[in-house]
Amino acid sequence: MEKLAFFFIDDVIMTMRDIARQRPASLFDNPFMAMLKKGHDLYGMTVQLNLFYRTDFFYGGEEFTLAQFPDCYKPEFEASSDWLRLAFHAKQEFPDYPYVNGRYEDVKRDFEQLRDEVFRFAGEKSWSHTVIPHWLPISREGCQALYDCGIRFMAPSWGERTEYNGDPESLPYGHWARLLQNRQPETMVYERKSKNTAILRSICAYNHVTDAEYDSVRLKNASIPDEGTGMRFRQLSGGPCLNLYTYDEVQPAFDAILGAEYIGTANHEEYFYSDYYAYQPDYVDKVLLAAKIMHENGYRYITAEEFK
């Protein structure tokens, strides 16, 4: 059995902003991108960067959008497309759960706006046909919009679904308002299985599967077909989300699943940056350690184009 690895980073926009403003001679002169190339050169790491279209005012400063990213790096993106892919995540970081009750036309508009810019500055070869929606849940209309735009794989949430009990305190961070705004019939709640104990009760939407369905594809290169939209739901992670682990916790987290057919690893961009309130100084070390573990245990990194 061939063992496969996948790595993706959510919430990517600050790196794009910095490259656009600083105009390094090479993409990989940027520190974040240099880290990724080092992981690829040393360990064969591939990476999917899940992009925001624009920065969020939450962080202050002048707004940046992907429309401001120059096309001078397009040859480098295309030459690296065998290991570096770009994908849709959301228009911006806030609000949480941006597409949980998303209308077809709104999701399609956001997706096409971001995709068209990526095609302009990175080329179609750099694009991924797999999406991890920001905060994960997305409505049936949103799922259908993405499928109609060419997306074929999507990450699901999983577990027992229950009706919202009407108590705002039952969901963290004021998420009850996101559940109720433009609420769709499929929008419910579930108990989330996560190392992030601050968000154990969460919202789910159309891209939600049962425990049994999830177990059927867990740690496998396999997916669950959705007859309603044509989309296929599959586990994209399975390994640690690195920003939730200390450096010393990374190896034990992988040890528990080594030998599986497929291991995906996740991370979030913002923890790389020293001006982020939750900056993690060991960010680079954790990324390279994860890649080293996969390489030394016989895993071959793939892009999402090899998903089944």
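Is Asn30 buried or exposed, and what is its relative accessible area? Asn30 is buried, with a relative accessible area of 4%. Buried denotes under 20% relative accessible area, exposed over 50%, and partly exposed the range in between (1.4 Å probe, protein chains only).

The model is predicted: local features need pLDDT of at least 70, side-chain atom pairs count only at pLDDT 80 or more, and totals for chains, interfaces and linings use all residues. Residues are numbered from 1 along each chain as its sequence is written, and side-chain values use heavy atoms, with hydrogens and water left out.

Asn30 lies in the loop between helix H1 (14–22) and helix H2 (31–43). Helices (H or I, at least four residues) and strands (E, at least two) are DSSP runs, numbered from the N terminus. Not counting residues up to four places away in sequence, Asn30 touches Thr15, Asp18 and Ile19; contact means heavy atoms within 4.5 Å. The side chain of Asn30 also reaches the backbone nitrogen of Met33 at 3.1 Å.

Helix H8 (residues 247–255) has Val250, Ala253 and Phe254 as its buried residues. Viewed down the axis of H8, these fall within an arc of 90 degrees, so they line one face of the helix. The arc is that of the directions from the helix axis to the C-beta atoms. Their cover includes strand E13 (238–241), strand E14 (262–268) and helix H9 (283–296).

In strand E9 (residues 201–204), Arg201 and Ile203 point one way, Ser202 and Cys204 the other, and all are buried. Strand E8 (residues 188–191) pairs with E9 in the antiparallel sense over four bridges; pairing requires at least two DSSP bridges between the strands. Tyr190 stands opposite Ser202 in E9.

Note on methods. A polar contact is a pair of N or O atoms within 3.5 Å; within protein, one must be able to donate a hydrogen and the other to accept it, and residues adjacent in sequence count only if both atoms are side-chain atoms.
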